[in-house]
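Let me put the model up, and then I'll walk you through a few spots in it.

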Amino acid sequence: MKISAVETILSDTYPNGIWVRLETDEGLVGVGETFRNPKATEAYIHETLAPYLLGQDPCQPELHRTAFNRLLGNRFQGFPTRSIELRGNSAIDIALWDLMAKSLDAPLYKVLGGPAHQTLPVYNTCASDGYNLAAKVIGDSRAAGEGEDDLALQVSDPGRLARSLLDDGITGMKIWPYDRFAAKHDGWHIDRADLEEATDVIAQIRDAVGDEIEIMLEYHGLWRLPAALDIAEALGQYRVYWHEDPIDLSNIADLRRYRDETGGRVAASENLGTTRWLRDALVAGAVDVVQFDMGWVGGISEGKRIQALAEAFDRPIAPHDCVGPILFAADCHLAFASPNTLTQEIVRAYLSGWYSDVASGLPEVKSGQLQLPKGPGHGADFAPGFLDGGGIKRKKSCM
Ligand SMILES: [Mg+2]
């Protein structure tokens, strides 16, 4: 089997996403995805990756991973997470693994050695359906508080939000009540009134549902250590399940200090969660729950390395999902193939919203439990009509 075409797909409706289709001379098609700066990523894929990929056997993703890194002039990762090149490599890598599993007529989790679980718990990231559709500044106060969706309820009625998640059988919720105050002093300081207002969100959740729900606090790396410690001190009386990216993740020594001084569980990182960053962070004892986004770190090939690295350090993984449906499907297959999966992130507003507009065949969540995904491959494909709909831009490199 040989790769006969490399196609990229952009959408005016979903302007942060980019999808790839790898066609083969045997008629099988592999699907991948990444997120942010799609036009630059599209250019990189056609300029640099397609000339290498055309004519290659797709069923050797490890060989191609090495080649991609050489194309970047570096025998390792080339560039840090979120670079255009790494995102392009990630989308292609996921499509290669999809093709390999399809060529074996098997679900991807089986090719990866699973299933290690029959169901998995999920937690919900309390975003709205439109949360990640446009370029925006994380922590922008306009992103929360207006309307009736999960994002707005984080601020306007967090107790009701918690009850509604429990009604869906979901017992973990991720919220970011401190973000909207971070820009005010560029993360150096949080005013006492703002600290109390944000912390009151956690108080309202505990008043409404007691300890029935686990609270994951997300900080998006917006705080410097002194302010992050002030926040942790204010939270002292409330039980928080994990603290995610509480400071700038490039400062591993400060992350370790945060963990030691607060006694909290640190989850990291969608921001810098490459294999090599996690190696250093785990050696430093700075991370308790290992997070990574396969669309940003190099795809399945890197995700399985990170999973094994975490297991060697006796730490669980919690794959990141907040960016797109194909990545969500890929996450679920790796999660089911990995014995050290703690929980899988979902965004219920996406699953019932834009994810299902773009893709079909996605893994299902029933009563707060992720169901074993279907194959072959990662099982996800474009929703009927999506590729023929308005605002779609397709570009193809062929043999
Ligand atoms: Mg995060």
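Before the metal, the rule for donors: they are N, O and S atoms within 2.8 Å of the metal (3.2 Å for Na, K and Ca), and since water is not among the atoms, sites may look incomplete. Also, what you see is a predicted model, where local features need pLDDT of at least 70 and side-chain atom pairs count only at pLDDT 80 or more, while totals for chains, interfaces and linings use all residues. Residues are numbered from 1 along each chain as its sequence is written, and side-chain values use heavy atoms, with hydrogens and water left out.

So, which residues coordinate the magnesium ion? Glu218, Glu244 and Glu270 do, each through OE, at 2.0 Å. Along the chain, these donors are spaced E-x25-E-x25-E. Glu218 sits in strand β6 (residues 214–218) and Glu244 in strand β7 (residues 242–244), so this pair ties together parts 26 residues apart in sequence. Strands here are DSSP runs of E, at least two residues, and helices are runs of H or I, at least four, numbered from the N terminus.

Are those two glutamates buried or exposed? Buried means under 20% relative accessible area, exposed over 50%, partly exposed in between, with a 1.4 Å probe and protein chains only. Glu218 is buried at 2%, and Glu244 is buried at 0%.

Next, strand β4, residues 119–125. Five of its seven residues are buried, so the rest of the structure largely encloses it. For pairing, DSSP has to find at least two bridges between two strands. With β13 (residues 369–371), β4 pairs antiparallel over three bridges, and Leu120 stands opposite Leu370 there. With β10 (residues 344–346) the sense is parallel, again over three bridges; Asn124 has Ile346 as its bridge partner. β5 (residues 172–175) pairs with β4 in parallel over two bridges, with Thr125 opposite Lys174.

Over to helix α3, residues 84–103. Of its 20 residues, 17 are buried, so α3 is also largely enclosed by the rest of the structure. After α3 comes Asp105, with a positive phi near 55 degrees.

Last, confidence. pLDDT is the predictor's confidence in each residue, from 0 to 100. The chain's mean is 93, and 94% of residues reach 70 or more. Residues 74–79, though, stay under 50, with 15 contacts (heavy atoms within 4.5 Å) beyond four places in sequence. Residues 137–142 are below 50 too, with seven contacts beyond near neighbours in sequence.

Methods
The expected span of a helix is 1.5 Å times one less than its number of residues.
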